[in-house]
Amino acid sequence: MTEAKRQAAEKAIEYVEDGMIVGVGTGSTVAYFIDALGRIGDRIKGAVSSSEQSTQRLRALGIEVLDLNSTGPLSLYVDGADECDPHKRLIKGGGAALTREKIIAEASEKFVCIVDPAKQVDVLGRFPLPVEVIPMARSLVARELLAITRAQPVWRQDAEGRGVVTDNGNAILDVHGLAITDPVALEQAINQIPGVVSVGLFARRPADVVIVGGEPPRVL
Ligand SMILES: O=C[C@H](O)[C@H](O)[C@H](O)COP(=O)(O)O
């Protein structure tokens, strides 16, 4: 799938216009996009980044990383996804960057999502749904998620068995075993739980364009 990720990322460069400030997501697919952006770095004004990981990669290529508070609305956001349904609704947050990703998606006029074919599903939920939570609310939110979804939330751990800490200093719960029939309603319901920072369901604000890697890439 590596080649498909690269193909989707290269195609997304066609959406970048001279003088733009580009919103940049996180993950292995976006890494290819950042590399491609590096080749045209002198044509853009800079980027707004959704994670420390992407910030480092952008800066290493000489791309200025700007604060969203100073840029105003963005014309373009490019990001990957963990799952994508036929309505361009997404599950994101496999890399724990969902909150900043959601902020930038909301601030952007056009959200171009770049995926490999394995990310396409008919019904969202096979990929565990990430929820970023304030640390003290972790158990409370887990109980409420179980009550709402009847599916099991799992506290995300790193390879050493420590709780993953997001760039915002929070924890991640992954909800396993969902088949999400009404993504907008579920996104709203999870957002109502005290202690939830954000949920990795992008249904209220889906992608505008999805590029599926392949030869040639498919633009949906
Ligand atoms: O938190 C991470 C993001 O939502 C990523 O965009 C998502 O996990 C997809 O990542 P990848 O391109 O590595 O599959």
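Which residues is Leu145 in contact with, leaving aside its neighbours within four places in sequence? In this predicted model, local features need pLDDT of at least 70 and side-chain atom pairs count only at pLDDT 80 or more, whereas totals for chains, interfaces and linings use all residues. Residues are numbered from 1 along each chain as its sequence is written, and side-chain values use heavy atoms, with hydrogens and water left out.

Leu145 is found in helix α6, which spans residues 138–149; helices (H or I, at least four residues) and strands (E, at least two) are DSSP runs, numbered from the N terminus. Beyond its neighbours within four places in sequence, Leu145 is in contact with Val131, Arg150, Ala151, Pro153, Leu173, Val175, Ile190 and Ile193, a contact being heavy atoms within 4.5 Å. The relative accessible area of Leu145 is 0%, and the residue is therefore buried; buried means under 20% relative accessible area, exposed over 50%, and partly exposed in between, with a 1.4 Å probe and protein chains only. From C-alpha to C-alpha, Leu145 and Val30 are 30 Å apart in space and 115 residues apart in sequence.

Val30 is among the buried residues of helix α2, together with Thr29, Ala31, Phe33, Ile34, Ala36 and Leu37. These buried residues pack against α1 (2–12), β1 (21–24), α3 (52–60), β3 (74–79) and β6 (108–115). Phe33 lies in this helix, which covers residues 28–39, and has a relative accessible area of 0%. With neighbours within four places in sequence set aside, Phe33 is in contact with Ala9, Ala12, Ile13, Val16, Val22, Val24, Val78 and Ile114.

The ligand has 17 residues around it, of which Ser28, Thr29, Asp82, Glu101 and Lys119 come nearest; a residue is near a molecule if one of its heavy atoms lies within 4 Å of it. The shell divides into three nonpolar, eight polar and six charged residues. In this division, Ala, Val, Leu, Ile, Met, Phe, Trp, Tyr, Cys and Pro count as nonpolar, Asp, Glu, Lys and Arg as charged, and the others, Gly among them, as polar. An oxygen atom of the ligand lies 2.8 Å from a backbone N or O atom of Thr26.

Ser49 is found in strand β2 (residues 46–49) and counts as buried at 13% relative accessibility. The side chain of Ser49 makes a polar contact of 2.8 Å with the side chain of Thr55, and a polar atom of the Ser49 side chain lies 2.9 Å from the backbone oxygen of Ser51. Thr99, in helix α5 (residues 98–107), is buried at 11% relative accessibility. A polar contact of 2.5 Å joins the side chain of Thr99 to that of Ser198. Not counting residues up to four places away in sequence, Thr99 touches Glu132, Asn168, Val197 and Ser198.

The structure holds zero disulfides, a disulfide being a pair of cysteine sulfur atoms within 2.5 Å. For Cys84, the nearest cysteine sulfur is that of Cys113, 5.6 Å away. Both cysteines are buried, Cys84 at 3% relative accessibility and Cys113 at 0%.

Several backbone features occur in loops. Most residues other than glycine have a negative phi, and most peptide bonds are trans. Lys88, in the loop between β4 (83–84) and β5 (90–91), has a positive phi of about 65° and is partly exposed at 22% relative accessibility. Ala96, in the loop between β5 and α5, has a positive phi of about 70° and is buried, with a relative accessible area of 13%. A cis peptide bond, with omega of about 5°, joins Glu215 and Pro216; Pro216 is placed in the loop between β12 (209–212) and β13 (218–219).

Terms used:
Polar contact = N/O pair within 3.5 Å; in protein donor to acceptor, adjacent residues only side chain to side chain.
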